[in-house]
Amino acid sequence: MKIEAITLREIRMRLKSPFETSFGIMRDRRIILVEVIADGINGWGEVTSTEGPFYNSETTDTAWHIISDFIAPSLIGKVLTTAAEFVTVVSAIRGHEMAKAGVENALWDCEAQQKGVPLSRLLGGTLQEIVCGVSIGIQDEPNTMVKKVEEEIQRGYNRIKLKIKPGRDLAFVSAVRKSFPDIQLSVDANCAYQFEDALHLKKFDDFRLLMIEQPLQWDEISSHAKLQAQIQNPICLDECITHSRHALTAIQWCACRVINIKLGRVGGHTEARRVHDICSTHGIPVWCGGMLESGIGRAHNVAMSTLPAFTLPGDVSASQRYWNEDIIEPEVEVTARGTIHVPQTPGLGYRVRSKLVDQLTVRTKRWTAAMAVQA
Ligand code: OSB
Ligand code: MG
């Protein structure tokens, strides 16, 4: 695959409604799309960073900077045998996983199209239908949370995750559990608690949760191990796991019993597969996390979710949950039993609506192989 052109676009998209987590409220998304042309084939990737450095340390602007000044210049004009080789091109860059993932995933789309196979198959995926759950943002009142949960269950979603933070936690989860005694229910704190809150976090055991996601600090595996020893609900790590070595450490230290894999957080499909493989070897179930992606990131999530250790419902939901109009065709749709049919056409399996992308674009930067020769 000769990398002939790379185009970076920042698009603006407004969520249908604001999404609140313990680290803030998201509504107006600034999303970077990466389009790569390799051997005449266009592949697409999405950078899943948030606008501010509050989920992890990356932002839309840091990703733009890292791709523009470091990744694109070192990739343009190169010849790669496989998308996985990209990892060696950027191995000197520390961190910035989401910036790397946006570019690497576009290469995977190219490679899958070139080989004439669905991306899911190229990745080694086996499932043709994936099971979906939803993540519900923090609400003002337990009653409104119960109503939201009811709506999502009626749509067929198979697992409900509630965002929580101190002061918006026990009463909300308790109300939902009372109304729905049998659903698969989990909570996500996005790092809002500390180990000193262990007694408080133990109270969630009463609600028989599928998991409690990332209760403690984003860079703290060891205190999660201490907490896991004191509570019954399985801990699921999200923010803490930025590569497969951390996944192995967390498993060996018994810091979690479940891992959420996000393509952006771990730096792209290659590393995501490594995390998957380590979890699979150790009998740790995984599921695909979400970052309020546009259709392109969503399509990559669908492909990744077909790997065999993705045995729990992921945060991969319908385009219509978040967007009035998505940038892919067809949109990601969810069946009445809360599943997504995995596309069986080559590459991502969804067409990018380039006219709409153009309308949403606020800045563009392009590299061509000719520029690399000049340099
Ligand atoms: O921790 O899973 C998270 C959204 C933004 C940042 C972090 C998270 C989330 C979600 C949304 O939970 C999941 C989705 O995209 O549906
Ligand atoms: Mg999370």
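I count a residue as near a molecule if one of its heavy atoms lies within 4 Å of it. With that in hand, I looked around ligand 1 and found 17 residues, of which Ser135, Asn190, Lys262, Leu292 and Tyr322 come nearest.

A note on my source: this is a predicted model, where local features need pLDDT of at least 70 and side-chain atom pairs count only at pLDDT 80 or more, while totals for chains, interfaces and linings use all residues. Residues are numbered from 1 along each chain as its sequence is written, chains are lettered from A and ligands numbered from 1 in the order in which they are written, and side-chain values use heavy atoms, with hydrogens and water left out.

**The ligand**

I sorted the shell around ligand 1 and got six nonpolar, three polar and eight charged residues. Here Asp, Glu, Lys and Arg count as charged, Ala, Val, Leu, Ile, Met, Phe, Trp, Tyr, Cys and Pro as nonpolar, and the others, Gly among them, as polar.

Next I looked up polar contacts, pairs of N or O atoms within 3.5 Å. A side-chain N or O atom of Tyr322 is 2.5 Å from an oxygen atom of ligand 1. For Ser135, a polar side-chain atom lies 2.9 Å from a ligand 1 oxygen, and for Asp188 the distance is 3.0 Å. I then checked the cover: the protein hides 100% of the 390 Å² of accessible area that ligand 1 has on its own (Shrake-Rupley method, 1.4 Å probe).

**An aromatic pair**

I found three aromatic pairs in the structure, with ring centres within 6.5 Å. In one, the rings of Phe19 and Tyr322 have centres 6.5 Å apart and planes at 70°, so I call the pair edge-to-face (over 60 degrees).

Most residues other than glycine have a negative phi, and most peptide bonds are trans. I noted that phi of Arg208 is near 45°, a positive value. The peptide bond from Glu329 to Pro330 is cis, with omega near -10°.

How values were computed. A polar contact is a pair of N or O atoms within 3.5 Å; within protein, one must be able to donate a hydrogen and the other to accept it, and residues adjacent in sequence count only if both atoms are side-chain atoms. Rings of Phe, Tyr and Trp (its six-membered ring) pair if their centres lie within 6.5 Å; planes under 30 degrees apart count as stacked, over 60 as edge-to-face and the rest as tilted.
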